[in-house]
Number of protein chains: 4
Amino acid sequence: MNSTRIYYNKKLKPKEPILIVGLPGIGSVGSLVAEYLKNEINAKRFATLYSPHFIHQTIMLKSGYTRLISNRFYVKSSKKGSIMILLGDTQAPSPEGQYEVNEEIVRFFKSLGGKTIYTIGGYSAGSHYIHNPRVFGVATDSKTKSTLSKNGIVFGQTSGAIWGSAGMIVSFAKMYGLSAACIMGETSALEIDANAARAVLESLKKILGININLENIDKIKTETDRMIKELEDAQKAAEPPRKENFTYIR
Amino acid sequence: MNSTRIYYNKKLKPKEPILIVGLPGIGSVGSLVAEYLKNEINAKRFATLYSPHFIHQTIMLKSGYTRLISNRFYVKSSKKGSIMILLGDTQAPSPEGQYEVNEEIVRFFKSLGGKTIYTIGGYSAGSHYIHNPRVFGVATDSKTKSTLSKNGIVFGQTSGAIWGSAGMIVSFAKMYGLSAACIMGETSALEIDANAARAVLESLKKILGININLENIDKIKTETDRMIKELEDAQKAAEPPRKENFTYIR
Amino acid sequence: MNSTRIYYNKKLKPKEPILIVGLPGIGSVGSLVAEYLKNEINAKRFATLYSPHFIHQTIMLKSGYTRLISNRFYVKSSKKGSIMILLGDTQAPSPEGQYEVNEEIVRFFKSLGGKTIYTIGGYSAGSHYIHNPRVFGVATDSKTKSTLSKNGIVFGQTSGAIWGSAGMIVSFAKMYGLSAACIMGETSALEIDANAARAVLESLKKILGININLENIDKIKTETDRMIKELEDAQKAAEPPRKENFTYIR
Amino acid sequence: MNSTRIYYNKKLKPKEPILIVGLPGIGSVGSLVAEYLKNEINAKRFATLYSPHFIHQTIMLKSGYTRLISNRFYVKSSKKGSIMILLGDTQAPSPEGQYEVNEEIVRFFKSLGGKTIYTIGGYSAGSHYIHNPRVFGVATDSKTKSTLSKNGIVFGQTSGAIWGSAGMIVSFAKMYGLSAACIMGETSALEIDANAARAVLESLKKILGININLENIDKIKTETDRMIKELEDAQKAAEPPRKENFTYIR
């Protein structure tokens with residue numbers, strides 16, 4: 001395999017699809033949001049993306065089967081249109097891989113008639129736990145900015161650079177004439193920040209005009225809160241907590 | 001050389017070949033099994049795979065000649081069919097190399113009429129020496145799983161990911177419509193774990209329905225056991241044993 | 001995206017353009033010179049270069065928009081001819097990326113009718129601050145050397161190698177039959193050395209025969225001088241200054 | 001530049017050329033031999049090899065000009081035939097680069113009618129200085145082995161692997177139906193081991209049937225011996241010598 005490939009169900013006829021992208025990254029916000037949304041709206045897999053730029057791993061499933069590391073597309077169609085979700089095990093570690101995979105994602109989505117993409121990520125706001133995370137955004141155009149602003153997304157308050165898919169898919173979308181935004185939950189020193197994911201899901205409910213039951217994410221949030229409490233207690237203790245507890249996923 | 005190449009004897013007419021893959025990896029289980037099997041059934045080399053993704057080394061032979069780092073295919077045909085064995089000096093260190101080489105192996109084997117592949121590896125079970133190693137499996141399909149289960153291979157007890165060829169060849173086999181499984185000997189902190197290899201060979205005897213004399217592997221096993229005894233004694237001593245003794249090969 | 005791409009305004013009709021290249025590097029001399037010159041002569045962007053060999057980052061702008069990491073071409077045409085400027089966020093980190101991007105820059109410039117290129121860099125002269133930086137040069141041919149020598153550029157006093165674009169663009173220019181030189185401001189242990197940049201700008205004024213108001217760079221220089229004073233004071237103090245203060249940008 | 005390129009004088013009509021390859025490596029033996037031989041037989045440059053897999057450096061010459069990192073071919077023709085020499089600034093750091101460059105060298109030499117290649121390297125014999133270095137060999141075929149053995153080259157005494165061009169060019173030569181050998185001077189902890197180079201040059205005199213004045217290498221050897229004496233004295237002193245003095249070039 002020398003280049004990125006997408007295997008997909010060619011019979012699919014999506015209606016003005018909107019794509020939500022949630023891949024591994026800071027605070028696992030993207031992954032949490034995409035996985036949760038997929039389960040809540042009961043979206044079905046219709047495409048799988050493999051890339052020679054992903055790590056060379058095969059995942060062992062409890063069923064005794066395996067699957068190659070991948071990114072996966074899901075879809076749920078209703079009268080209002082189709083919601084597509086992209087989630088997955090990994091992002092390519094190299095620049096060359098990122099440029100190839102992210103352009104391929106945008107090209108594929110455009111070929112399905114898609115016009116709008118929202119990528120989900122975490123925005124790192126220092127090392128303190130964020131109790132009331134804001135949701136930040138950057139966008140390709142003023143119309144998208146305006147739509148998201150009305151739904152509480154904060155623009156112009158972020159600086160620096162976005163690593164990987166969450167930013168690059170927005171950039172490629174613009175090159176391909178699509179509208180896109182990166183929606184970022186404010187997060188801090190947590191591997192899995194359900195609180196930030198919850199804040200993003202609240203925003204997505206309004207933006208997509210759909211109902212999402214946030215009870216389950218509340219359970220994850222409760223668990224995360226408990227974990228944070230422990231960390232905070234540890235920080236007060238004599239010995240400093242182990243560094244690994246504060247590692248970011250990228 | 002810009003891509004992986006296989007030089008082979010085009011006159012070869014294999015009969016419903018089964019491929020056993022044993023490349024360098026955890027506990028050297030794959031290498032040990034493939035090398036041993038090749039010698040015991042007296043299989044002959046018929047193909048050599050070179051790749052620009054392998055390290056840039058040439059091996060100096062005692063004869064005063066050299067050979068480029070490679071993977072090599074062997075075959076032994078009988079009335080029951082052809083057994084092919086793939087072994088070699090190395091695996092590609094990069095993702096891109098792994099994707100190219102492993103797909104090429106599957107494509108080549110399919111072009112020879114092959115339908116079934118068993119890759120051999122080690123499954124790391126912690127840092128304690130395993131006296132009675134189990135043999136674990138993951139497979140592409142229920143029929144292969146069922147065949148292997150009947151021969152004592154344990155399914156559903158492994159988790160995590162397989163690095164490199166042992167897993168990826170199974171994944172590519174599935175993409176190409178072949179049946180495959182990864183058969184893993186339970187192993188631990190050993191560079192060369194003949195005990196795990198022996199357990200896999202016992203399973204292969206049954207699966208392939210062939211006779212393999214395990215006397216020689218017993219000699220390797222005896223030697224390995226002696227080495228382990230020494231390590232265990234060292235661990236009891238005041239000074240900790242040297243780290244290098246516990247390095248895994250990948 | 002699998003190779004470097006330049007998007008540009010195809011209606012542009014430059015007149016015997018001269019290209020000034022100032023990309024990130026030692027002392028940020030190239031970046032400072034290119035950015036300053038662009039603003040002073042009021043050059044306008046006409047082309048953008050993207051490469052899959054650049055890091056996989058998207059920059060968040062204060063406006064709430066984003067842009068993909070890039071190199072950018074600007075132009076200012078007058079009766080005397082067109083001055084083009086290339087500046088940007090990054091250089092490719094890998095050899096393969098550098099060879100691709102730098103040849104592409106030369107090919108593109110030649111396709112616009114260009115014949116002369118000056119790349120700007122810093123020449124590291126040890127760890128002491130340089131109060132009166134010299135401007136060094138290396139060139140493709142004797143005529144270019146002679147032109148620059150007359151304007152105070154010092155030849156034959158540098159040794160070693162130039163990393164990245166500042167040197168490679170000169171090499172590729174020669175292969176493509178163009179004239180080129182690398183003009184280097186003498187610099188030392190500073191991330192942003194406005195003093196070295198000022199010296200190069202003084203030279204460029206003469207070489208290009210244009211007027212450049214150096215008042216603003218003087219402000220940057222004043223600020224830089226203040227920073228250096230602080231560093232020097234720190235060095236005299238008991239505790240050694242932090243290593244990071246002395247990091248070179250490449 | 002996306003692949004390795006050789007620019008050469010197409011009018012050249014070599015006579016049954018023999019190629020001597022001496023690129024940077026252990027003890028700089030290959031570089032020393034190739035550079036010395038080139039000067040002694042007064043060979044002239046006829047080809048230059050550039051590669052996007054070489055490091056991205058441009059060398060500043062004392063003349064005020066520059067040249068891109070390269071490998072260079074020289075030739076000297078006489079009634080007895082043509083001797084070609086390949087030397088250069090670097091070897092490609094990546095596997096992919098090594099496979100591409102080394103195959104290209106062999107393909108190019110074959111296209112010029114060449115049939116025999118000798119690569120020169122150092123064979124590391126531990127950390128003690130070798131006073132009377134042996135010259136080891138590995139070859140593609142028995143005829144080459146026999147020719148070299150008659151001239152004092154020792155076969156069958158080396159083991160392990162050769163990194164880079166010295167080994168890979170021999171391997172590719174075999175694939176392309178040419179005869180080749182790697183000739184290695186026994187060396188130890190020295191960056192530049194003129195003593196090992198001298199031993200190889202003594203062998204080459206006999207193999208090529210030419211006269212080489214070894215007086216100049218004797219000067220280098222004298223200098224090297226002096227340097228070694230200093231190192232040995234340092235080792236006897238209380239403080240251990242700095243590690244960098246013992247670094248190998250590869």
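Which strand of chain B does E4(A) pair with, and in what sense and over how many bridges? I began my notes with this question, keeping in mind that the model is predicted.

**Entry: strand pairing.** I looked up E4(A) and found that it pairs with strand E11 of chain B, residues 161-163, in the antiparallel sense and over 3 bridges. To place one of the residues involved, I followed Ile59(A) across to E11(B), where its bridge partner is Ala161(B).

**Entry: the contact between chains A and B.** I then turned to the contact as a whole, to which chain A gives 17 residues and chain B gives 23 residues. On the side of chain A that touches chain B, strand E4 (57-60) and strand E5 (66-68) each supply at least two residues, and E4(A) gives the most, with 4 residues. When I sorted that side of chain A by class, I noted 8 nonpolar, 8 polar and 1 charged residues.

**Entry: how the two copies are related.** I asked next what rotation superposes chain A on chain B. The rotation is 90°, with 0.0 Å of shift along its axis, and the RMSD of the superposition is 0.0 Å; this is the relation of a four-fold axis.

**Entry: chains that do not touch.** Finally, I checked two other pairs of chains. Chain A and chain D do not touch, and their nearest C-alpha atoms lie 14 Å apart. For chain B and chain C I wrote down that they do not touch either, with their nearest C-alpha atoms 14 Å apart.

Note on methods: Residues are numbered from 1 along each chain as its sequence is written. Chains are lettered from A and ligands numbered from 1 in the order in which they are written. This is a predicted model: local features need pLDDT of at least 70, side-chain atom pairs count only at pLDDT 80 or more; totals for chains, interfaces and linings use all residues. Two residues are in contact if their C-beta atoms, placed from the backbone, lie within 7 Å. Ala, Val, Leu, Ile, Met, Phe, Trp, Tyr, Cys and Pro count as nonpolar, Asp, Glu, Lys and Arg as charged, and the others, Gly among them, as polar. Two strands pair if DSSP finds at least two bridges between them. Copies are superposed by least squares on the C-alpha atoms of residues with pLDDT of at least 70 in both.
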